[in-house]
Amino acid sequence: MLIRRPPDIETSEITDEKLYWNRREFIRSATGVVAGLATPSVLAACGEPRRAEAAERRAARDDELTPYEDVTSYNNFYEFGTDKRDPSRYAGSLRIRPWTVTVEGEVHKPGVWDIDDVLKLSPLEERVYRLRCVEAWSMVIPWQGFSLSEFIKRVEPTSHARFVAFYTLHDPEQMPGQRRRILDWPYVEGLRLDEAMHPLTLLTFGLYGRTLPNQNGAPIRLVIPWKYGFKSIKSIVRVRFLREQPVNTWQAEAAREYGFYANVNPNVDHPRWSQARERRIGEFRKRPTLMFNGYADQVGHMYAGMDLRRNF
Amino acid sequence: MQIKSGTCMPVWTSAATSEPGRVSILPLRRALKPAVFLTSLVPFGLLIVDFVFDRLGAEPIEEITHRTGTWGLTFLVITLAVTPVRRLTGWNAVIRLRRMLGLFAFFYVSLHFLTYIVLDQFFAFSFILEDVAERPYIMVGFASFLLLIPLAVTSTKGMIRRLGRRWTQLHRAIYLAAAGGVIHFLWQVKADTRRPTIYGLVLVTLLAARLVNVSKSHGR
Ligand code: HEM
């Protein structure tokens, strides 16, 4: 059931929620590839056997979609409060239209984009990704969006651009959590340019075939499935291309605990808890966490030769 | 109120029922303990009800951990408030509630601990040992829980009599356990330290009230 949708998503691109299971079953049986990895490129290549380890396959095969209800009521979005239920309770005060995204820094085409013009850049795709929170829980979520690279290409980064920083809206009127200085508002996240250009990095406008609910980062957010959830910044108003690596909010808050890369890595623990396992929301027993959240085949090469223990 | 006895004797045994005018308070006094008992069970009851009706949210295990931990610490603090409240208000009957409140603290902390062992870790002892050894917040929580066990065990009348002065000394450990609970809480939150800070301030206030009182009585 569709509550609201941006005018530019074609109806054919919106999957009815009831069809999800059938569709997933179809994808699974037709391709033998889990939906969690069903990016277009992977789907195209799914005829060949994948190199994934047996354990990874086993763990990935039982990726069931996390119910919509849980995806939209259990959120870390401190702009609306630090309790997981706060965002679903209080995010109603966020006004998602009009909404603009400012592009600045090392780009040939800086400017202010209206969200509806961003939406027109490329047809929305549906991607089912695992989301692994740094707090050791995870979900499987069907998102709608297109690769961030589509957007980045339009604004033409200069040859000096090596990093991209993203900023969340800062407006305590609309975001009551910002009335207390829990974090150094506005929330900032950053990516290396190659990470930002990676096809898996999704500029996201919807989930479960609906416009993003406010508590999930409406109207525009990132989803970077191989990194801990806090990298997938919500309600973006500013994108800045940089020469130097930016300091992201959680790193500023506790550099010992949260790094710039924040790649999901079961072998590098958070100082206060283990990252070896995770609880999939809705499941009882914990399951092993996968390297790069199970996307090692697609993204591992970007970190070849890097000391992941130091660059956590 | 006519209770002047400084002993551990339950006060109602000395209530002078023959005096006119006191008779009417008696049922109230009798009702106090059962009333507090039932009230103290409310958080547990709600937990059961919310579990049965699937109202514990997307991550029920986390919710149970948080609720039992919060109530365990709250009851520890309430227990510690009993003596200061008595001194401040002169309401002596409140002391009769102290043991029960302390045991409720132990009840909720035990549920909290069992939630961790059974629901959260599902007896994965290698992970539990790693947690206890390597995660300071778990280590402190665990130590506080261990500390509460001898207090619960020696809370019977027989033990109070048998241990005498040593009982009083032993049971001062509840301050340590509560402080450990606050530190445990503080060390596990991300960024938002408001709730553990409030517990910490209340605890420090209670301890200060206690110390001021001790030094006063020593001065005399
Ligand atoms: C006197 C003993 C203890 C007290 C007073 C206590 C109290 C608390 C409190 C107040 C919280 C936070 C609840 C919230 O966020 O709403 C908490 C969380 C927690 N406690 Fe305890 N606790 C104690 C012992 C233990 C022990 C022995 C363990 C396990 C060995 C433990 C494991 C945990 C865990 C896993 C959490 C949740 C952490 C999270 O959600 O990230 N606690 N505890």
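Among contacts in chain A between residues at least 6 apart in sequence, what share joins residues at least 24 apart? In this predicted model, the figure for chain A is 71%. For chain B, take the contacts with a separation of 6 or more, and 62% of them come from residues 24 or more positions apart.

Let's stay with the two chains for a moment. Chain B has 9 helices and 0 strands, so its pattern along the sequence is simply one α after another, α-α-α-α-α-α-α-α-α. Burial is 60% of the 312 residues in chain A, while in chain B 40% of the 220 residues count as buried. As for the surface, chain A exposes about 13200 Å² of accessible area, with 51% belonging to carbon and sulfur atoms. Chain B comes to about 12700 Å², and there carbon and sulfur atoms hold 70%.

Now go to the ligand. Which residues come nearest to it? Out of the 21 residues around the ligand, the answer is H66(B), H112(B), H184(B), Q188(B) and R195(B). Some of these come with distances worth checking on screen. H66(B) puts a polar side-chain atom 2.8 Å from a ligand oxygen, and Q188(B) has a polar side-chain atom 3.3 Å from an oxygen atom of the ligand. The largest share, 7 residues, is from α5(B). Sorted by class, the shell has 10 nonpolar, 10 polar and 1 charged residues.

Q188(B) brings us over to chain A, since R272(A) touches Q188(B). R272(A) is found in the loop between α9 (249-253) and β11 (277-280) of chain A. Is this arginine buried or exposed? R272(A) counts as buried because its relative accessible area is 13%, under the 20% cut-off. Its side chain makes a 2.8 Å polar contact with the side chain of E257(A), and a polar atom of that arginine side chain also lies 2.9 Å from the backbone oxygen of V189(B). Beyond neighbours up to four places away in sequence, R272(A) touches residues of both chains, including Y258(A), R135(B), Y137(B), W187(B) and K190(B).

Finally, look at N216(A), in the loop between β8 (210-211) and β9 (221-223) of chain A. N216(A) is buried, with a relative accessible area of 3%. Its side chain reaches the backbone oxygen of V71(A) at 3.0 Å. Leaving aside neighbours within four places in sequence, N216(A) is in contact with V71(A), T72(A), N75(A), L207(A), R221(A) and K234(A).

Key:
Residues numbered from 1 in each chain as written. Chains lettered and ligands numbered in written order. Predicted model: local features only at pLDDT ≥ 70, side-chain atom pairs only at ≥ 80, totals over all residues. Heavy atoms only, no water. Helix = DSSP H or I, 4+ residues; strand = E, 2+ residues; numbered from the N terminus. Buried < 20%, exposed > 50% of the residue type's maximum accessible area, 1.4 Å probe, protein only. Contact = heavy atoms within 4.5 Å. Areas by Shrake-Rupley, 256 points an atom, 1.4 Å probe, with all protein chains shown as cover. Near = heavy atom within 4 Å. Polar contact = N/O pair within 3.5 Å; in protein donor to acceptor, adjacent residues only side chain to side chain. Nonpolar A, V, L, I, M, F, W, Y, C, P; charged D, E, K, R; others polar.
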